[in-house]
Amino acid sequence: MRTPAMILLLLLAGCGDDASPPLAQVTPAVTAAPADELDAQVAAEARLLADALDLDAETERQAALAIARAWADVLREASEEARDPEDVHAAIERGQVALDLELAALLDPERRARFEDLGGRVGR
Amino acid sequence: VRRALLLMILVAPLAGAQDFTGTWDVVGTDPTVGAYAGAATVERAATGWRVTRLVRVARPLPDGRTLALSWHGAGQTVGNALRVDVDLRQQDFVVEHAGLRRGPQHRAPLRVSATLSGTLTTIAGRFVDAAGALVADDVWTRTGRVDPPSPGVERRLDPLPSSSPRALFMRLFQSYHTLPALQPYVSRPEFQAAVHLQRVDTTGRDYTRAHPDHLLVVQKVADDIALLEEGLRASAFRWRLHEKARGWGEEMLRDHVEASTGMLGGLETSARRHVVHGDSALHQGVWVASQAYRFQATSDPQALANVESGVRALLLMVDAPGNPDEFARAVEDASTAPANWARSTAIPGLAYLQGGNNDMLHGIEYGFVSAERVLPAGHPLLAEIGARARSLVLHCKVAQRGKHTLLLGGVATRLTGDPAVRDRYRKVMTWSPLERLWLMLGEGVPILQEVNGRSGPHLATCTFAGIRVLGGARPNLLERSWRWLADRGLGRAFAAARACRPGNLAAVAAFAGVPGAGDVARDVLTELPFPRPTGTARYDHEIDPEFCLSPYPALPWKLDWMRDPGRQQSLISYPLWELGESDNYWKEGPFAGFRGGINSMRWSSQDLLHAYWAGRAAGAITPAD
């Protein structure tokens, strides 16, 4: 929180805590998106990963939570930085790396290799 | 007794003439514009009469058009005469032109009045202002016709749904509200309510469409400033959309496409000098896309030729720096380019503007994606497009971010088959969940619309348009899923921004079948001027009685609202013909730019052609529109 504008925009994007992101609270305020639709898309992304890596149901659930958390982080960071498209995309890029690392930690070595082949970043 | 009887006979018709209802032919003279003729209508009102008058001036305007003057007024019966009071606006949005300048004396409308009297069939009177100066000298003759009322002012303010938190913003910008420029507005209820508004102005639209050779002035004193203002309006309303598109397109080839490079530029009309804009890479890609849509809609070979010419400039922008890490913002023949542009060592004789960035890359990739869609298989430019797209993805940092890799990588993969770029494309396409969420939610268009300007939404529109054709002619399942998300995002973006009339976004959203998008695209294109305005004038909507500054500064994350007056913005978004000239109308507004100028620079019309041809290709605009 470096400036009044950033304080404001942080407030808009959520509280900034590290709990599981309450998407229903966070995203509608920023994007006017119905939370159920967003949650469905998050689940679809996790399903995409689960299908590609043959994940069990519990790992798929954790992946969905990780994606949801990463999305909330992106919103917070993007709002904190600016609405300039370059900054938003930089926030998405950073969020994606953090998400990939979190997901990689859930995977066994064989799936981690497949995840990397899929496009996931498994190490810094 | 005989005299009394005679008097009764004479007066009897006049006693009945107190019913002025009906249509009257009008002839007269105006000390400024000369003789005129037309018609007036009189209807009963709750108190008195509702009077309208439309006359056409006999002396043509310098461009050959007929000046038509229309007003609505209030009538009262005074004795056996009809007294008419008319309030004519003395200011609208232009504050300086042709040696005239608007000032405090123009704030109030000019009240002109006449007492028309005579017989049952003919009445006459002189319209004078409060000082007694003659404004018009009318003779009205009753007719048997029933004319509709003449055109009147048709304006409304549509409220925008709020996308910013009012209470929080009002607290945050308390210091901003102390600036002297804000003081006239802070106490106004609309300022405190912070509901932003879109002005929709259809004054004279139907009349001007029916009489494209007339210049209609409604409820205004018809001085040179008013003629300019109404000329701008008429330049929007007098043409059908296809006529505007033809005009903009002809201008492009005649004045804006530089033959040796294919590069777009503005025309400095006084010296007829070609001026390349610093954002040309973006404009160039939009131009190529516009012509690809045109080819899709019409199969016109000229459209394909324009795609080819436009693509060549995009290729030059990638090649000019001679360094695969970079690309240019614009290129120009070195003999005419500004001295401070770099001279290309890779392409002798070419100069280029350095600093290709995210925004400019949107143009290059959009142009490439669009050209790939319409160039026939085996066309030599396809290999060149593929090679440049590949080079950008593999070497240029900005092309490796965001959705650039997705769009450029797809083109490069299909056109080169290169395994390195194919691998990058596959990975980005397969695993980018956060980018996909951002896309589905509208690429940022719905967020904080009161303060975020339109440059971002314009770039987002390019992104939507590119991704909704991801995969080219044979998209796989994943590519189709990206397309689906783009269409969802388009729907969300359009729904959020609709009230503020995002014409270009609407045209692209029409591809996705977004409800209402085609209507908005058509309406907004109706408001765009042809030709684009040039001349000498200054406009400032602050003279509009309804004007109010927004309580929020534009782009607050720039953190300069206390020192940069350019961050001040209006609570009202004005029609596009009132916003002067722009190198890209779709980045203008909705609330910034309430003051500015018109000068001798006329920019190229790729922006307007893009919305038109996208709308045509999407089926939202018909060839007859």
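1. Of the 625 residues in chain B, 58% are buried, meaning under 20% relative accessible area with a 1.4 Å probe and protein chains only. The model is a predicted one: local features need pLDDT of at least 70, side-chain atom pairs count only at pLDDT 80 or more, and totals for chains, interfaces and linings use all residues. Residues are numbered from 1 along each chain as its sequence is written, chains are lettered from A and ligands numbered from 1 in the order in which they are written, and side-chain values use heavy atoms, with hydrogens and water left out.

2. The C-alpha trace of chain B spans about 115 × 55 × 50 Å along its principal axes. Among contacts (heavy atoms within 4.5 Å) in chain B with a separation of 6 or more, 67% join residues 24 or more positions apart.

3. Chain B exposes about 23,900 Å², 55% of it supplied by carbon and sulfur atoms; accessible areas come from the Shrake-Rupley method with a 1.4 Å probe.

4. Chain B carries 69 positive and 63 negative side chains, with the centres of the two sets 3 Å apart. Lys and Arg count as positive and Asp and Glu as negative, without His and the chain ends; each charge is placed at NZ of Lys, CZ of Arg, CG of Asp or CD of Glu.

5. Chain B has 19 helices and 22 strands, taken as DSSP runs numbered from the N terminus (helices H or I, at least four residues; strands E, at least two).

6. An open antiparallel sheet of 3 strands in chain B has the order β16-β18-β17. β16 (330-333) and β17 (342-343) of chain B are at the edges with a single partner strand each, so one side of each has no neighbour in the sheet. Pairing requires at least two DSSP bridges; β16(B) and β18 (residues 350-353) of chain B have 4, in the antiparallel sense. B:Glu332 lies opposite B:Ala351 in β18(B).

How values were computed
Buried < 20%, exposed > 50% of the residue type's maximum accessible area, 1.4 Å probe, protein only.
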